[in-house]
Amino acid sequence: MDCQCLNVAKDCIKALLKKFPESKRVGRLEGMLLEAKGSWAEAEKAYSSLLEDNPLDQVIHKRKVAMAKAQGNISGAIESLNKYLEIFMADHDAWRELAEIYVSLQMYKQAAFCYEELILSQPTAPLYHLAYADVLYTLGGLENLQTSKKYYASTIDLTGGKNTRALLGVCLCTSAIGQVSKGKNKEDKESPELQSLAAKALEKEYRQKADDKLGLLTSALRSLKI
């Protein structure tokens, strides 16, 4: 199917059906062959029939999501993923897929909720802390920026200080918080220690790995008043 040798795939499925006439796994393959042919309505019918027999078939639910995305039906993919996650709430891949779809649609509050679920279930995965921080930074506002900075910091902690994006994120958040909190209470203002450490770590990393880009980094940090 991946190679578009659909006649060969059809012959293989016929042989499998002959050997395993009642197999649900072969039924899935038939649905996937219909997808490969672009027969979306028939594939949908085949998958719905399989789900009637086994409503908890995770593979079929995921195929329906993939089929909606393949047709450009993003709202349908979101609906299918939400229904799937009502049943399989511990599926990390599904939460991440839904978060990435929301980000692509600039639905950042919904994406933030998905990343919160991921962090709750996998608190030591730096990727989710980083993605959540990115979303909060994009949303903006003092509270979101302060929380974003904390999650960039936790990403740095979880990666042993090796995540360049998170180090830059701390610097960007600090600059943005400074701009948003101008003229406000001193309590809202940030301590300069963390961004100073992040800037030094960035300069050290660039000096070691991309010395020719160090000037660009220095001017960028200067523009952020760091």
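Reader: What makes the run of elements in the chain α-α-α-α-α-α-α-α-α-α-α-α?

Author: Reading from the N terminus, the elements run α-α-α-α-α-α-α-α-α-α-α-α, with 12 helices and 0 strands in the chain. Helices here are DSSP runs of H or I with at least four residues, and strands are runs of E with at least two, numbered from the N terminus. The model is a predicted one: local features need pLDDT of at least 70 and side-chain atom pairs pLDDT 80 or more, while totals for chains, interfaces and linings use all residues. Residues are numbered from 1 along each chain as its sequence is written, and side-chain values use heavy atoms, leaving out hydrogens and water.

Reader: What share of the 226 residues is buried?

Author: Buried residues (under 20% relative accessible area, with a 1.4 Å probe and protein chains only) make up 35% of the chain.

Reader: How do you know where the "domain: EMC2 TPR-like" lies?

Author: That comes from UniProt, where an unreviewed entry places the feature at residues 25–135. In the model, this span is 82% helix and 0% strand, and its end C-alpha atoms lie 39 Å apart.

Definitions and conventions. Buried < 20%, exposed > 50% of the residue type's maximum accessible area, 1.4 Å probe, protein only. UniProt positions renumbered as here; feature names shortened; annotations may be inferred.
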